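I opened a new notebook page for this chain. I wanted to look up its overall build, its aromatic rings and its charged pairs.

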Amino acid sequence: MVDIEYNRVKIHVPQSWDDVTLGHYETFYRDKPTPHRQRVEFIAKACQVDADLFLSWPTEVFDRVLAFTGFLFADNPAEA
């Protein structure tokens, strides 16, 4: 888990599946985000923040979050 802070708002960003509890995982594992807005909402769920927060931040900040959460799109354990 990594913390990212912007404008005095700190969020906790999971870096691997080890950072995601089963209960939290069950809230978003069936989502299949495709358009950009859906990806933002999906990552917001994973970070347990409102998507509007990410949409109000500069793209560079969201890109940092996206870099840490790439595992969400690479190897979904529910697909096995």
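My entries follow, from the whole chain down to single pairs.

**Ground rules.** I noted that this is a predicted model, in which local features need pLDDT of at least 70, side-chain atom pairs count only at pLDDT 80 or more, and totals for chains, interfaces and linings use all residues. Residues are numbered from 1 along each chain as its sequence is written, and side-chain values use heavy atoms, with hydrogens and water left out.

**Overall build.** I looked up the secondary structure and found 5 helices and 2 strands. Helices (H or I, at least four residues) and strands (E, at least two) are DSSP runs, numbered from the N terminus. In sequence order the pattern reads β-β-α-α-α-α-α. The radius of gyration is 12 Å, close to the 12 Å that the globule rule gives for 80 residues, so the chain is as compact as a globular protein of that length. That radius is taken over C-alpha atoms, and the rule is 2.2 Å times the number of residues to the power 0.38. Along the principal axes, the C-alpha atoms fill a box of roughly 40 × 25 × 20 Å.

Buried means under 20% relative accessible area, exposed over 50%, and partly exposed in between (1.4 Å probe, protein chains only). I then took the contacts (heavy atoms within 4.5 Å). Of those with a separation of 6 or more, 50% come from residues 24 or more positions apart.

**Aromatic rings.** How many aromatic pairs does the structure hold? I found 7. Rings of Phe, Tyr and Trp (its six-membered ring) pair if their centres lie within 6.5 Å; planes under 30 degrees apart count as stacked, over 60 as edge-to-face and the rest as tilted. Tyr25 and Phe28 are both buried. Phe28 also pairs with Phe42, with centres 5.4 Å apart and planes at 85°, so this pair is edge-to-face. Phe28 lies in the loop between helix H1 (22–25) and helix H2 (36–47), while Phe42 lies in helix H2, so the pair ties together parts 14 residues apart in sequence. Phe42 is buried, as is Phe28. I recorded one aromatic cluster formed by Trp17, Tyr25, Phe28, Phe42 and Phe71.

**Salt bridges.** I searched the whole structure and got 2 salt bridges. The criterion is a side-chain nitrogen of Lys or Arg within 4 Å of a carboxyl oxygen of Asp or Glu. Arg37 bridges to Glu41, with the closest N and O atoms 2.9 Å apart. Both residues lie in helix H2, 4 residues apart, which is about one turn of the helix. Arg37 has 42% relative accessibility, so it counts as partly exposed. Glu41, at 34%, is also partly exposed.

Which residue meets Arg37 in a salt bridge of 3.7 Å, N to O? I found Asp52. This pair links distant parts of the chain, with Asp52 in helix H3 (residues 51–56) and Arg37 in helix H2, 15 residues apart. Asp52 is partly exposed, with a relative accessible area of 45%. Through shared partners, the salt bridges join Arg37, Glu41 and Asp52 into one network.
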